[in-house]
Amino acid sequence: MVDLQGQYQSLKEQVNTSITQILESSAYINGPHVHAFQKELEEYLGVKHVIPCANGTDALQIAMMGLGLKPGDEVITADFTFAATVEVIGLLQLTPVLVDVELDTFNIDPIAIEKAITPKTKAIVPVHLFGQCANMDVILDIAKKHNLFVIEDNAQAIGANYNFKDGSSKKAGTIGHVGSTSFFPSKNLGCYGDGGAIFTNDDALAHTLRGIVNHGMYERYHHDVVGVNSRLDSIQAAVLSAKLPNLNAYCESRRTAAKKYSEAFEGQENIVVPEMAKTKGNNSYDNHVFHQYTLRITNGKRDELVKHLNEKEIPCGVYYPIPLHKQKAYADSRYKEENFTITNKLVKEVISLPMHTELDNEQIDYITSTVIGFVNG
């Protein structure tokens with residue numbers, strides 16, 4: 001699904017040199033490489049504050065802690081996403097409120113958000129799923145109307161641009177009150193272990209977050225807030241610094257591969273390609289960075305296709321096979337199946353194909369012809 005080895009070869013000299021420097025200096029935690037990467041990412045994203053941390057799940061949890069959410073507060077998020085999003089809500093004893101998603105983009109449905117708001121609602125967590133931004137124009141309007149926090153789960157969409165209705169643009173993760181991301185190795189910007197970061201333009205919130213990630217300390221052995229131990233180590237920061245200058249190129253390579261996939265599948269009755277929002281004035285797809293290229297197989301053969309691709313040694317994935325509202329850990333009598341018609345449909349139809357910066361035309365031709373031949377067979 002991801003050619004990490006191929007990507008490493010193009011960065012090998014720079015990565016190895018940086019890691020050697022760290023080993024020789026022994027500055028493994030909060031060293032110069034971490035501070036350098038933080039500044040580089042702030043500049044790239046156009047955001048005032050980047051707070052590095054140990055992983056993307058921690059990033060989400062720390063963001064919620066920093067906002068001062070209390071047990072029992074309701075947090076609305078998408079039913080169709082990875083469990084980490086709702087996991088941290090549960091860990092903090094907040095109340096998760098799962099809602100349905102849109103059929104075309106797979107992202108959280110703003111209409112469902114509005115319907116789910118109660119006096120206990122305190123935050124919305126839009127997930128920019130598979131690399132495409134949620135409808136932030138509408139989500140921000142809803143949040144403003146109801147005085148809610150917006151916490152962006154940007155684990156899959158770093159590098160994406162969100163183009164507002166007024167013509168302005170911001171990087172995904174920098175639009176709401178606070179954003180979070182993951183640097184898991186398979187991400188578009190991935191390290192060689194675990195890593196994550198939190199983004200905000202709020203000075204006071206950034207100060208709180210910096211304390212939380214480091215045991216609540218701003219001065220050694222002075223614990224001003226309740227914190228956790230969640231720090232990005234220097235070796236991972238060095239890897240990310242080597243990759244960050246290439247992130248736009250990585251995103252463009254993924255878009256190019258995605259367009260080739262979609263062109264090959266054009267006109268196929270039982271194959272629905274990903275919806276992509278075009279950037280004004282050109283033919284690029286600016287707000288989608290294709291962490292995953294996800295099809296819908298509409299003739300009921302999705303599971304058979306997975307088996308067939310595995311037999312042909314073509315990697316594929318089903319993200320996600322079980323909705324969160326049907327997971328044992330998050331099941332709740334409040335949830336009614338009629339409120340999750342799209343999610344329940346998607347979990348039976350979606351399949352993700354290989355997507356990475358090293359995909360070539362021969363590989364794409366083989367993958368697409370294999371999929372088409374089976375689905376229409």
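**Charged pairs, spaces and a strand**

Reply: R296 is buried, and E349 is buried as well. Buried means under 20% relative accessible area, exposed means over 50%, and partly exposed is in between (1.4 Å probe, protein chains only). This is a predicted model, where local features need pLDDT of at least 70, side-chain atom pairs count only at pLDDT 80 or more, and totals for chains, interfaces and linings use all residues. Residues are numbered from 1 along each chain as its sequence is written, and side-chain values use heavy atoms, with hydrogens and water left out.

Me: What do the side chains of R296 and E349 form?

Reply: A salt bridge, at 2.8 Å from N to O. The term means a side-chain nitrogen of Lys or Arg within 4 Å of a carboxyl oxygen of Asp or Glu.

Me: Where do R296 and E349 sit in the chain?

Reply: R296 is in strand β13 (residues 293-297), and E349 is in helix α11 (residues 341-349). They are 53 residues apart, so the pair links distant parts of the chain. Helices (H or I, at least four residues) and strands (E, at least two) are DSSP runs, numbered from the N terminus.

Me: How many salt bridges are in the whole structure?

Reply: Ten. One of them joins D303 to R302, with the closest N and O atoms 2.7 Å apart.

Me: Are D303 and R302 buried or exposed?

Reply: D303 counts as exposed, at 53% relative accessibility. R302 is buried, with a relative accessible area of 6%.

Me: Which residue does K326 pair with?

Reply: E337, in a salt bridge with the closest N and O atoms 3.8 Å apart. Both K326 and E337 lie in the loop between α10 (302-311) and α11, so the pair ties together parts that are eleven residues apart in sequence. K326 is partly exposed, at 47% relative accessible area. E337 is partly exposed too, at 38%.

Me: Which residues are linked in a network of salt bridges?

Reply: K39, E42 and R210.

Me: New topic. What is the volume of the largest pocket?

Reply: About 540 Å³. On a 1 Å grid over the protein atoms alone, a pocket is an open set of points with protein on both sides within 12 Å along at least five of seven lines. A cavity is a set of points where a 1.4 Å probe fits but cannot get out. Lining residues have an atom within 4 Å of a point. Grid points are joined across faces, edges and corners, and a volume is the space filled by probe spheres set on the points.

Me: How does the lining of the largest pocket divide into nonpolar, polar and charged?

Reply: Twelve nonpolar, 13 polar and three charged. Ala, Val, Leu, Ile, Met, Phe, Trp, Tyr, Cys and Pro count as nonpolar, Asp, Glu, Lys and Arg as charged, and the others, Gly among them, as polar.

Me: And what about the second largest pocket?

Reply: The second largest pocket holds about 380 Å³. It has 19 lining residues, with L98, V99, A112, A116 and N339 nearest its centre. α5 gives the most to this lining, with four residues. The lining divides into ten nonpolar, three polar and six charged residues.

Me: Last one. Why is strand β4 largely enclosed?

Reply: Because four of the five residues of β4 (residues 121-125) are buried. Strand β2 (residues 74-78) runs parallel to β4, joined by four bridges. V75 stands opposite A123 in β4. Two strands pair if DSSP finds at least two bridges between them.

Me: Which strand do two bridges join to β4?

Reply: β5 (residues 149-153), also running parallel to β4. A123 stands opposite F149 in β5.
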